[in-house]
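Work each one out first, then compare your steps with the solution.

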Amino acid sequence: MNIMPNIKIVKKNIKNIILRVKPNGEVMLSVPNRTSDEYIAGILKEKELWIQTKLVIVAQKVELEKKDVQDKKFKFLGQHYPLKIMKSKVEGVKFTGEVLELYLKNPNSSKRKNELIERWYREQSLIYFDDILNKYKQIVKKEVNIVRIKRMKTKWGSCNPHKGYINLNLELITKPTICIEYVIFHELSHLIHPNHSKAFYDYMALYMSDHKERRKILNAP
């Protein structure tokens with residue numbers, strides 16, 4: 001296929017000629033100010049095959065990214081849901097209960113897709129985690145000063161019993177509700193029993209008799 005794309009030619013104060021194909025498929029040729037049109041035409045003719053090869057590579061990459069976006073499934077509260085990607089001037093997320101709809105200016109952008117899902121996860125975490133915290137704070141009856149929701153590499157949660165600080169892993173929002181309850185009650189229980197003593201686990205068992213089973217589900221692949 002012998003089709004040359006629209007090429008942006010820029011004359012500026014440089015010494016060398018620069019030809020590049022951007023990730024969006026735009027071809028840009030930068031040349032010194034006094035470069036003649038005839039010389040430019042000769043360069044483009046010489047580099048025509050190179051340009052077309054680069055454009056094919058860019059197009060293939062875009063298709064792979066698009067397929068990656070469409071094929072990935074979305075996990076929420078222990079369930080997997082399909083993603084539906086739609087082009088829109090106004091970006092946002094809508095969860096129907098069966099499908100997660102993503103509205104993107106650039107439907108092929110995996111990076112933007114992940115950013116929107118991350119933001120939606122945080123919004124949902126504030127709602128679900130807060131409800132569960134309020135439920136189990138009534139049992140523990142201890143003051144919680146700060147609750148942070150963040151990405152954590154090795155822990156589902158942590159507690160500073162002296163300051164009343166609790167950290168919760170954002171990834172918890174992908175787990176079943178019983179697992180979220182387990183982690184939150186686990187951390188709240190540390191406000192009473194700061195370590196993992198027998199007294200700590202006896203206390204958990206008193207109000208959550210199946211806490212061991214919940215932990216297994218939480219850590220299952």
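The exercises below go from the overall build of this predicted model to its sheets and helix pairs.

**Exercise 1. How many helices and strands does the protein chain have, and what radius of gyration does the chain show beside that of a compact globule of 221 residues?**

Solution. Start with the inventory: the protein chain contains 6 helices and 10 strands. Next, take the radius of gyration, which is 27 Å for the protein chain, whereas a compact globule of 221 residues would come near 17 Å. Finally, look at the extent along the principal axes: the C-alpha atoms fill a box of roughly 85 × 40 × 30 Å.

**Exercise 2. Work out the strand order of the open sheet that contains β1, and find the helix that packs on that sheet.**

Solution. A reminder to begin with: strands of a sheet pair through backbone hydrogen bonds, either parallel or antiparallel. Here 3 strands lie in the order β1-β3-β2, and their pairing is mixed. The edges are β1 (7-12) and β2 (18-21), each of which pairs on one side only. On average, neighbouring strands of this sheet are turned by 15° against each other, direction ignored. To locate one of the partners, go to K12, whose bridge partner in β3 is P32. The helix you are looking for is α1 (residues 37-46), which packs on the sheet and touches β1 and β3. The direction of α1 makes about 135° with that of β1.

**Exercise 3. Is α4 oblique or roughly perpendicular to α5, and which residues make the contact?**

Solution. First get the geometry: α4 (residues 177-189) packs on α5 (residues 198-207) at an angle of about 135°, and their axes are 10 Å apart. That angle makes α4 oblique to α5. The crossing is right-handed. From α4, the contact uses Y182, F185, H186 and S189, and from α5 it uses F200, Y203, M204 and Y207. Sorting the contact residues of α4 with α5 gives 6 nonpolar, 2 polar and no charged.

**Exercise 4. Is α4 oblique or roughly perpendicular to α6, and what is the handedness of their crossing?**

Solution. Begin again with the axes: α4 and α6 (residues 211-219) pack at an angle of about 115°, with a separation of 9 Å between the axes. This makes α4 roughly perpendicular to α6, because angles of 65 to 115 degrees count as such. The crossing of α4 past α6 is left-handed. On the α4 side you will find I178, C179, E181, Y182 and V183, meeting H211, R214, R215, I217 and L218 of α6. The residues of this contact divide into 6 nonpolar, 1 polar and 3 charged.

Note on methods
Residues numbered from 1 in each chain as written. Predicted model: local features only at pLDDT ≥ 70, side-chain atom pairs only at ≥ 80, totals over all residues. Heavy atoms only, no water. Axes fitted to C-alpha atoms, helices over the stretch in contact; angles between N-to-C directions. Helix = DSSP H or I, 4+ residues; strand = E, 2+ residues; numbered from the N terminus. Parallel < 35°, antiparallel > 145°, perpendicular 65-115°, else oblique. Left-handed = near helix turned anticlockwise from the far one by under 90°. Contact = heavy atoms within 4.5 Å. Nonpolar A, V, L, I, M, F, W, Y, C, P; charged D, E, K, R; others polar. Rg over C-alpha atoms; globule rule 2.2 N^0.38 Å. Pairing = 2+ DSSP bridges.
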